[in-house]
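Hi everyone, thanks for coming. I'd like to walk you through one structure today, so please have a look at it with me.

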Amino acid sequence: MPGATGEGTSMTAPDQPGDGLSDFAELMSHEQEFTGRRERIAPEVRRARRRRGLIITAACLVLLLAASGGYVGWALTAPVDPPEVTTQTPQVPAIEAATVATASEGASAISISGADAYLGEGASGIWSSSGTGDPRPIASITKLITALVILDAVPLASAEDPGPTITFTKSDHDLYDRYYVQGATIAPMPTGTSMSLHDALAAMLIPSASNYAEALSSRIFGSQYAFLGATRTWLSAHGLTGTTITEPTGISPRNTSTPADLVAIGKLAAAHPAIAQIVATSSIDLPGAGQLSNTNGLLGTAGITGLKTGTLGEGTYCLLYTATLDVGAADPLAVTGVLLGGASRESVNAAVIASLDSIRAGFHEVPLATSGQEVGTISTPWGSAARLVVGEAASIFTWSDTPIAVTMDIKTPPMYQDGTVVGSVTWTAGPNTVTAPVAIEGSIDQPSEWWRLTHPSQLAAMSDARG
């Protein structure tokens with residue numbers, strides 16, 4: 001504050017010239033005392049006394065003027081305390097916790113990658129689940145495992161690599177009739193038809209053709225016995241101890257797995273370029289097989305990008321899925337989930353969409369402060385006042401009801417003028433931090449001369465406090 005110092009000479013009002021006034025009063029009393037005897041005092045004595053009275057009077061006047069001038073000088077220059085600043089940290093708004101929709105039937109599990117900073121380190125494992133973790137029939141999700149085992153034995157260099165050519169024989173063609181009788185999903189496989197391994201895998205995964213699953217697994221491994229042995233080895237190598245595969249199509253209810261294992265399998269499939277491309281394809285036209293449509297009707301809905309459906313009838317509908325969720329964070333979230341034991345395809349699809357929508361809705365911007373919001377006041381003994389306000393609106397992106405920490409840092413400015421930034425407010429929630437400036441609204445004026453001259457006790461108290 002201009003004119004204020006941290007330390008200085010203690011100043012008090014100067015003493016009044018009491019001795020001169022006393023002499024003058026005494027002189028006047030003597031003058032009255034001797035009035036009655038004036039005729040007996042010699043003229044030269046009377047003149048001497050008058051001269052002495054005039055001298056004393058003049059001296060008193062000089063003392064009075066000196067005292068008055070000293071007070072004025074002291075009052076106009078006495079240091080004053082800096083303005084008093086009072087602050088109140090903005091309150092954090094109350095936030096309701098997000099509710100993640102989970103399946104009301106069967107069993108489910110969800111894993112979310114890319115959101116550990118928001119959801120916790122366990123989010124990339126099993127973040128949300130419902131039902132039990134016991135093994136359940138997985139139906140045609142089996143074909144995804146079959147594809148992974150085949151590509152482990154015969155890798156494709158990229159998503160575009162066609163791989164070796166497969167030529168189907170009459171025994172392969174006979175599989176069409178056999179699986180047709182069993183009520184399984186099938187696709188045409190004329191005798192002598194040739195197609196790449198990539199396209200044969202597409203015929204197996206997109207329409208979920210069981211005849212292609214057996215034909216490919218037998219052709220790659222030489223027999224179903226060898227295929228099942230390779231499958232057990234593959235499952236063991238990946239720690240998938242909750243999964244049992246007895247045949248390559250999923251038509252057997254003895255093909256079972258747990259939600260946790262299937263989430264891991266889903267991640268392996270999504271990480272394989274060829275499989276990820278195939279399961280994201282809504283339809284494909286293959287020579288010999290014709291036009292094939294994906295059984296996963298949710299592709300492109302709610303961010304879903306794959307993976308595989310399955311069913312053995314009522315109460316066994318299932319879906320192993322991946323989804324890319326744009327929730328407003330720096331990068332989209334990668335979701336891998338599964339639902340087993342649904343009552344119908346419609347109920348499974350509805351439950352999956354509800355889960356994804358609820359996750360997306362749980363991420364939001366939380367309003368923290370408005371521009372001009374008061375966070376403090378500045379006041380002075382002489383009545384000048386101003387406000388401390390947030391300089392700009394602030395909000396923070398977070399998940400659900402993640403706790404929001406708030407701190408405020410206010411510094412003493414050299415001048416208390418309107419618009420001066422004196423500090424900041426900082427909010428932190430999860431990985432995000434937001435800061436807004438704090439500025440002075442209004443200006444603090446110096447105390448007026450009149451206030452200084454008429455408030456000696458307050459000036460003296462300030463001086464004493466500094467001394």
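**A short tour of the model**

Let's begin at A139, which sits in the loop between strand 4 (136-137) and helix 4 (142-153). Helices (H or I, at least four residues) and strands (E, at least two) are DSSP runs, numbered from the N terminus. A139 has a positive phi of about 50°, although it is not a glycine. Is A139 buried or exposed? A139 is buried, with a relative accessible area of 1%; buried means under 20% relative accessible area, with a 1.4 Å probe and protein chains only.

A word on the source: this is a predicted model, where local features need pLDDT of at least 70, side-chain atom pairs count only at pLDDT 80 or more, and totals for chains, interfaces and linings use all residues. Residues are numbered from 1 along each chain as its sequence is written, and side-chain values use heavy atoms, with hydrogens and water left out.

S400 also has a positive phi, near 50°, and is a residue other than glycine. You'll find S400 in the loop between strand 16 and strand 17 (405-410), and S400 is buried, at 5% relative accessible area. One more backbone detail: the peptide bond from G306 to L307 is cis, with omega near 20°, and L307 belongs to strand 10.

Strand 10 takes us to the largest pocket. Strand 10 (residues 304-310) gives the largest share of that pocket's lining, three residues. The lining has 18 residues in total, and S140, A184, T185, S208 and T311 are the ones nearest the centre. For the terms: on a 1 Å grid over the protein atoms alone, a pocket is an open set of points with protein on both sides within 12 Å along at least five of seven lines, a cavity is a set where a 1.4 Å probe fits but cannot get out, and lining residues have an atom within 4 Å of a point. The pocket holds about 250 Å³ of space, where a volume is the space filled by probe spheres set on the points, joined across faces, edges and corners. Its lining has three nonpolar, 12 polar and three charged residues; here Ala, Val, Leu, Ile, Met, Phe, Trp, Tyr, Cys and Pro count as nonpolar, Asp, Glu, Lys and Arg as charged, and the others, Gly among them, as polar.

How many cavities of 30 Å³ or more are there? There is one, and the largest cavity has a volume of about 60 Å³. Its lining residues include T102, I110, Y321 and V352, and they divide into eight nonpolar, three polar and no charged.

Now for helix 11. With 18 residues at 1.5 Å a residue, helix 11 should span 26 Å, and its end C-alpha atoms are 26 Å apart, which agrees; the expected span is 1.5 Å times one less than the number of residues. Its buried residues, among them R345, A351, V352 and S355, pack against strand 2, strand 10, strand 11 (317-325), strand 12, strand 13 (363-369) and strand 16 (394-399).

Finally, the whole chain. There are 13 helices and 19 strands, and buried residues make up 42% of the 467 residues.

Notes: Buried < 20%, exposed > 50% of the residue type's maximum accessible area, 1.4 Å probe, protein only. Contact = heavy atoms within 4.5 Å.
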